[in-house]
Amino acid sequence: MTSIDPAFATFLVGLPKAELHVHIEGTLEPETIFRLAARNGVALAYESVEALRAAYAFTDLQSFLDIYYAGASVLLTAEDFADMGRAYLARAAADGVIRAEIFFDPQTHTARGVAMATVIEGLTRALDEARAGGMSCDLILCFLRHLSEEDAFATLRAALPFRDAFIGVGLDSSEVGHPPEKFARVFAEARALGLHVVAHAGEEGPPDYIVQALDLLGAERIDHGVRCLEDADLVARLARERVPLTVCPFSNVKLRVCDRLEDHPLRRMLEAGLAVTINSDDPAYFGGQIGANYVQTCAALGLDRAAAARIARTSLEASFVDAATKAGFLARLDAHLAATAGA
Ligand code: ADE
Ligand code: ZN
């Protein structure tokens with residue numbers, strides 16, 4: 001692994017930043033999975049924390065998702081969801097996150113008989129507490145793309161009584177074979193409700209899925225998007241339209257989208273003029289939080305303070321907040337840069 005200057009690491013972790021791509025279910029640490037399993041009397045297929053952690057040797061997205069959905073099965077009560085949210089938000093704040101837009105997968109829970117109200121009320125409890133402590137945060141409801149359009153419509157309707165509890169919708173789970181076009185009508189309904197739209201595309205799926213997410217879903221940001229580099233016209237469009245890409249370097253290495261951090265396309269994406277951000281995706285499964293993603297990625301790719309500051313700035317600019325709030329975020333970033341200049 002590339003050696004890292006401790007002062008550079010401190011600078012990167014302290015950078016005021018937004019996390020725009022984190023699945024709350026992917027923040028459940030193995031110890032928490034075992035604690036909640038015991039609290040709720042849920043049987044796990046693994047004997048110990050160590051045995052579970054040893055199973056985190058993924059070969060692709062699906063091999064991860066199978067374990068990720070099993071891990072989420074310990075979540076039953078609103079307090080479970082609140083505990084999970086609180087733990088993530090505390091870690092994020094310690095990594096310089098001043099704005100978090102957090103994905104949740106309601107179908108993973110409603111399919112097990114957990115009510116939509118339980119999921120949203122628990123998460124909202126954690127977010128409200130974090131807001132009271134000065135963090136800016138919101139939820140984005142994701143549809144599982146391996147399930148049907150009908151199931152997605154039912155999920156959106158079940159969430160409508162809680163319309164004010166989330167700011168947008170997203171699309172995640174098994175990508176290949178489940179193109180964005182499958183959900184065009186659901187996303188049209190979400191847009192009509194005034195919800196923001198994001199979608200995972202170009203993680204394992206082809207560049208055309210990114211085009212579909214933009215043109216058929218109305219996506220305002222693309223989650224991952226790394227495979228855009230295979231299509232020069234698409235890269236030019238994403239750069240011209242300044243479409244934010246929520247890139248997740250640790251995730252891409254763990255799920256074998258690329259072999260090593262040193263080979264990650266993030267640097268090439270920056271050089272192509274793309275609006276790149278760094279995020280953790282599923283930090284409990286991929287080896288680190290957002291701060292570690294910044295530190296190790298910048299070290300591995302030789303990105304300097306200016307490049308890292310640009311990435312943090314892009315993350316704040318790409319967040320779904322009003323103009324005054326955004327200006328406040330950017331002022332905090334500028335103040336941090338001024339205070340650390342020459343340090
Ligand atoms: N759900 C959680 N993490 C995901 C990822 N990286 N891609 C697709 N769906 C996910
Ligand atoms: Zn993701």
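Glu-203 places a polar side-chain atom 2.7 Å from a nitrogen atom of ligand 1, a polar contact in the sense of N or O atoms within 3.5 Å. The protein covers 100% of the 260 Å² of accessible area that ligand 1 has on its own (Shrake-Rupley method, 1.4 Å probe). This is a predicted model, with pLDDT of at least 70 needed for local features and 80 or more for side-chain atom pairs, while totals for chains, interfaces and linings use all residues. Residues are numbered from 1 along each chain as written, ligands are numbered from 1 in written order, and side-chain values use heavy atoms, without hydrogens and water.

**Contacts of ligand 1**
- An N or O atom in the side chain of Asp-281 is 2.7 Å from a nitrogen atom of ligand 1.
- For the side chain of His-23, the corresponding distance to a nitrogen atom of ligand 1 is 3.3 Å.

**The surrounding shell**
- Residues around ligand 1 (a heavy atom within 4 Å) include Tyr-68, Asp-172, Ser-173, His-200, His-224 and Asp-282.
- The shell divides into 4 nonpolar, 4 polar and 4 charged residues.
- Helix H4, residues 61-72, gives the largest share of this shell, 4 residues.

**Overall fold**
- The protein has 17 helices and 8 strands (DSSP runs of at least four and at least two residues, respectively).
- Its radius of gyration, over C-alpha atoms, is 19 Å, close to the 20 Å from the globule rule (2.2 Å times the number of residues to the power 0.38) for 343 residues, so the protein is as compact as a globular protein of that length.
- Along the principal axes, the C-alpha atoms fill a box of roughly 55 × 40 × 40 Å.

Note on methods:
Polar contact = N/O pair within 3.5 Å; in protein donor to acceptor, adjacent residues only side chain to side chain. Nonpolar A, V, L, I, M, F, W, Y, C, P; charged D, E, K, R; others polar.
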